[in-house]
Amino acid sequence: MNSLRETILAGELIEAHRPWPRAVVSRELWQRAAERLHAGEWALLGLWGEPEFAHLAVIERHTNECAVLSFACEQQRFPSIGRSHAPAIRLERALRDLVGLEPEGLADLRPWLDHGKWGTRHRLEQGAAVSAATHGYPFLPAAGDSLHQVPVGPVHAGIIEPGHFRFTASGETVVRLEERLGYAHRGIETLMAGAPLERAARLAGRLSGDSTVACALAFAQAVEAALAVQVPPRAVWVRALLAELERLANHLGDIGAICNDAAFGLMHAQCGLLREHTLRAAESCFGHRLMMDRVVPGGLGCDLPGDGEQLLVALVALVRSRFPELVELYDNTASLQDRTVGTGYLAPALAQQFACGGYVGRASGRNFDARCTPGYAPYDRLRFEVPVLEEGDVNARVWIRIREIEQSLSLIEEILPQVPPGAICAPVATQAATGIAREGMALTEGFRGDILAWLRIAADGKIERCHLRDPSWFQWPVLEAAIEGNILADFPLCNKSFNCSYAGHDL
Amino acid sequence: MRRLLFKNLVLGPLTEPAPAKDDAAVAELAARVDRVARRRLGRTLAIREVDAGSCNGCELELHALSNIVYDLERFGLRFVASPRHADVLLVTGPVTANMREALERTYQATPDPKWVVAVGDCALDGGLFAGSYACIGGVSAVVPVDLHIRGCPPSPLALLKGLLALLDSAASEAKAG
């Protein structure tokens with residue numbers, strides 16, 4: 001009994017779950033799932049829970065099938081997945097903080113999102129207990145001669161999100177980096193519980209502001225899957241425009257920012273200008289620079305205006321005319337290459353193990369893009385390439401982004417003439433109260449990687465439980481490995497080349 | 001690189017003219033800011049940004065302020081790396097419980113006279129996150145706020161208008177004093 005399908009068939013299938021199956025499985029099957037993950041046959045998509053259940057979302061590598069396995073907790077305990085599959089460790093620590101489920105056998109039981117400041121703990125559970133977290137947080141030790149520690153954050157020197165980095169260094173060389181996150185924890189999952197769909201969609205769009213379109217899209221697709229809502233074709237195509245604009249804006253801004261961290265201001269200035277043009281085009285077309293709250297369950301909250309096609313064609317032409325010489329500049333500047341080539345190496349094996357999404361995974365040989373696998377409309381009818389490199393350094397991550405900018409430009413050109421006329425939103429709010437609970441799940445590709453949304457809509461049409469998993473969950477841990485052996489001064493460069501989301505991770 | 005630099009040199013500046021200052025912000029400042037403090041600050045302001053749990057949308061637009069289109073530094077406004085160098089704390093986010101202490105300590109590390117600008121709807125009253133167990137809800141619940149710049153997120157122009165109002169009121173007070 002090895003395949004994902006067999007595992008699901010052996011469990012108790014939950015009928016209300018769409019589009020992929022969910023089954024409540026036995027302790028034995030749950031533990032075998034951990035073995036499959038450890039063996040690399042399955043990849044971890046997410047791990048979350050409710051007071052009675054722990055849920056595990058996985059994708060089988062050779063079949064690309066997705067499924068959710070649920071474990072009925074006995075006395076709020078479940079066998080730890082993180083014990084044998086490291087990528088689950090932080091998810092389990094967070095689950096312990098937020099829901100109060102105990103991962104049996106997990107070695108690292110330090111609170112993760114809970115810093116001991118909430119007053120109460122296990123917010124998703126009735127009758128909350130007092131927080132177990134205390135002020136002290138023991139960092140992992142590093143032993144050796146002449147080691148010193150450098151604490152950084154949560155307030156950083158630049159305009160950066162809050163997080164703490166504890167470096168142990170030998171001279172200039174980083175021996176160990178340990179991250180401590182959770183500073184941006186806003187309690188999104190608890191705010192979602194009991195919220196009407198409209199409010200929950202706005203919350204989802206603020207999981208991580210730079211990925212607002214992709215997050216809102218994941219949420220909307222999960223709602224649409226749960227309620228079996230058909231999204232009007234026009235909305236499907238225009239959504240892809242929004243998503244590609246978001247990808248374009250982020251990649252442009254970040255390539256410039258990475259070069260800026262290597263003290264090369266010219267790239268920063270030029271890329272920043274192209275990003276600004278992209279955001280202005282987004283505002284002209286959709287009324288908001290970051291396109292927040294434009295993707296809603298059922299379709300879109302705004303339409304592509306009459307002159308929208310013209311504006312976007314002009315934007316693509318502008319970026320096409322300026323970007324190639326910037327790429328040439330990046331590639332031909334030895335002092336810049338000296339900083340990015342070979343820096344912050346992420347081994348392909350580690351990228352595979354952690355199922356790193358986005359450019360982090362693709363620069364280290366992991367060929368995964370949620371637009372293709374499991375895939376969603378309209379990308380099944382679009383031709384585009386997913387760039388993959390093996391080098392795994394800062395330079396490779398920059399090149400993946402350069403290639404993705406080119407792909408997004410082509411995609412926008414390809415989408416525009418195909419946008420069909422018609423309605424932009426199917427009624428969802430009126431259909432949500434079905435009298436029974438329904439569950440939906442979706443995986444979308446943000447600029448940073450794949451975003452998972454899972455939710456249950458209660459009989460009254462409100463969100464009962466929603467879990468959003470940002471790609472950063474599987475990228476933050478490997479940054480700790482990528483920085484090892486690099487000099488401290490290269491950390492901003494490495495960090496920016498990963499550009500993990502603090503807010504998206506902290507929930 | 002030389003070709004690109006030369007091209008940019010003859011192209012002329014891409015920076016856009018300054019927007020008018022925000023009248024609402026001027027009114028809020030006039031009501032709140034101590035005259036003595038304004039006199040001392042003069043014509044330049046050093047800004048320390050603190051993300052107190054924002055979704056990072058506000059940070060994106062704050063970054064945009066430094067691009068060549070808005071070019072914040074031409075007004076004498078600049079972001080600095082330490083609160084000890086700052087005149088202004090610019091705070092975003094609904095102030096998560098986990099960031100409260102860091103915000104308080106950053107405020108205490110900023111020398112007097114100092115101003116606090118709360119940026120974004122979350123920083124005003126918690127915004128969408130108001131009522132969460134994990135959020136204090138609004139910057140003014142933790143440190144005194146002199147100016148609110150609203151928006152989710154506020155556009156660079158809105159940010160610029162608010163900050164220019166701050167600068168102008170400081171400069172005019174300095175002259176009057």
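Mentor: Across the interface of chain A and chain B the rule finds 5 salt bridges, a salt bridge being a side-chain nitrogen of Lys or Arg within 4 Å of a carboxyl oxygen of Asp or Glu. One pairing that meets this rule joins the side chains of A:Arg289 and B:Glu61, with 2.5 Å from N to O. This is a predicted model, in which local features need pLDDT of at least 70 and side-chain atom pairs count only at pLDDT 80 or more, while totals for chains, interfaces and linings use all residues. Residues are numbered from 1 along each chain as its sequence is written, chains are lettered from A and ligands numbered from 1 in the order in which they are written, and side-chain values use heavy atoms, with hydrogens and water left out.

Between chain A and chain B there are also 24 residue pairs in polar contact, both residues being at pLDDT 80 or more; a polar contact is a pair of N or O atoms within 3.5 Å, where within protein one must be able to donate a hydrogen and the other to accept it, and residues adjacent in sequence count only if both atoms are side-chain atoms. On the side of chain A that touches chain B, the elements giving two or more residues are α4 (188–192), α5 (197–204), α8 (265–286) and α9 (308–332) of chain A, where helices (H or I, at least four residues) and strands (E, at least two) are DSSP runs numbered from the N terminus. Of these, α8(A) gives the most, with 9 residues. Sorted by class, that side of chain A has 24 nonpolar, 13 polar and 14 charged residues, with Ala, Val, Leu, Ile, Met, Phe, Trp, Tyr, Cys and Pro counted as nonpolar, Asp, Glu, Lys and Arg as charged, and the others, Gly among them, as polar.

As for extent, the contact (heavy atoms within 4.5 Å) takes 51 residues from chain A and 49 residues from chain B. The area buried between chain A and chain B is about 4,100 Å², and carbon and sulfur atoms give 61% of it; buried area is the accessible area (1.4 Å probe) that two parts lose on being put together, summed over both. Within chain A, the residues that lose the most area to chain B are A:Val155, A:Ile159 and A:Arg186, which together make up 18% of what that side buries.
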